[in-house]
Amino acid sequence: MEDVRIPVDYLLGGMDKLNAKLERARSGKSTGRSSGALATFEITRPLVGASALGIARASYEYTLEYLEGREEEGQELLEQQRIQQVIADMATEIDAARMLVWRAAWMGRNGVPMTAGQGSMSKLKAGDVAMWATTVAMDLVGPYAQTTECPLEKWFRDAKIYQIFEGTAQIQRLVVARDAARYFPGEPAHSR
């Protein structure tokens, strides 16, 4: 935006806060950032991730139940290696996302600072897993998954929002990358 003028009545924090921030900027000191708002987002992101995980897990369980007992060319689908590979990947990705969500939720609950973007990691992974898992589940179930009689069709549509709201997946990646560079250059991720 260019040449935008906002009435002083709409200034968040008041004129004194703005003048203090401008003075710090003019003197070369850090103006800080809205860490309170960002910290709040970090704490709420695991909740969003947990919702996304619910969709991923429901898709996984529905697909297992749907495939059970079904055959293709005389062999049960769940005994075919190509199906087993996908099922194993689904289970692993869902569990990995769950661990990130649990860690971030625990940190938020216990007041542990999320200096490495753990809240963003949890939402990012869970949102991406929900979208991926529903897509893969629809592929495994086949054309029936595209009908409104199949719950996968709705879960697939619902999953997309978790890559968009409360910060897009791209924004989550920026938060994680910036926190990693700011707080832990050269330190292994597991020690965070």
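Partly exposed here means a relative accessible area between the 20% under which a residue is buried and the 50% over which it is exposed. Keep that in mind for the close-ups below, all taken from a predicted model.

**Figure 1. Glu166, sitting in the loop between α5 and α6 (169–183)**. With a relative accessible area of 22%, Glu166 lands in the partly exposed class. The backbone is worth a look too: phi of Glu166 is positive, at about 55°, although this residue is not a glycine. For context, most residues other than glycine have a negative phi.

**Figure 2. Glu73, in the loop between β1 (71–72) and β2 (75–76)**. Here is another non-glycine residue with a positive phi, this one near 55°. Is Glu73 buried or exposed? Its relative accessibility is 83%, so Glu73 counts as exposed.

**Figure 3. Helices α4 (residues 118–141) and α5 packed together**. Two packed helices are described by the angle between their axes and the distance between the axes. For α4 and α5, the angle is about 155° and the axes are 8 Å apart. Angles over 145 degrees count as roughly antiparallel, and α4 and α5 are therefore roughly antiparallel to each other. Their crossing is left-handed. On the α4 side, the contact is made by Ala130, Met131, Thr134, Thr135, Ala137, Met138 and Val141; α5 brings Leu152, Glu153, Trp155, Phe156 and Ala159. Sorted by class, that contact has 9 nonpolar, 2 polar and 1 charged residues. As for confidence, α5 (residues 151–159) has the highest mean pLDDT among the elements of the protein, at 97.

**Figure 4. Ile43 in helix α2 (residues 35–67)**. Ile43 has 45% relative accessibility, so it counts as partly exposed. Which residues does Ile43 touch, leaving aside its neighbours within four places in sequence? Ile43 is in contact with Gly108 and Met114.

Figure 5. Along the sequence, the elements follow the pattern α-α-β-β-α-α-α-α. Of the 192 residues, 32% are buried. Taking contacts with a separation of 6 or more, 72% of them link residues 24 or more positions apart. The mean pLDDT is 86, and 83% of the residues reach 70 or more. Watch out for helix α1 (residues 14–26), which has the lowest mean pLDDT among the elements, at 70.

Terms used. Residues are numbered from 1 along each chain as its sequence is written. This is a predicted model: local features need pLDDT of at least 70, side-chain atom pairs count only at pLDDT 80 or more; totals for chains, interfaces and linings use all residues. Side-chain values use heavy atoms; hydrogens and water are left out. pLDDT is the predictor's confidence in each residue, from 0 to 100. Helices (H or I, at least four residues) and strands (E, at least two) are DSSP runs, numbered from the N terminus. Axes are lines fitted to C-alpha atoms, for helices over the stretch in contact, and angles run from 0 to 180 degrees between N-to-C directions. Angles under 35 degrees count as roughly parallel, over 145 as roughly antiparallel, 65 to 115 as roughly perpendicular and the rest as oblique. A crossing is left-handed if the near helix is turned anticlockwise from the far one by less than a right angle, and right-handed if clockwise. Contact means heavy atoms within 4.5 Å. Ala, Val, Leu, Ile, Met, Phe, Trp, Tyr, Cys and Pro count as nonpolar, Asp, Glu, Lys and Arg as charged, and the others, Gly among them, as polar. Buried means under 20% relative accessible area, exposed over 50%, partly exposed in between (1.4 Å probe, protein chains only).
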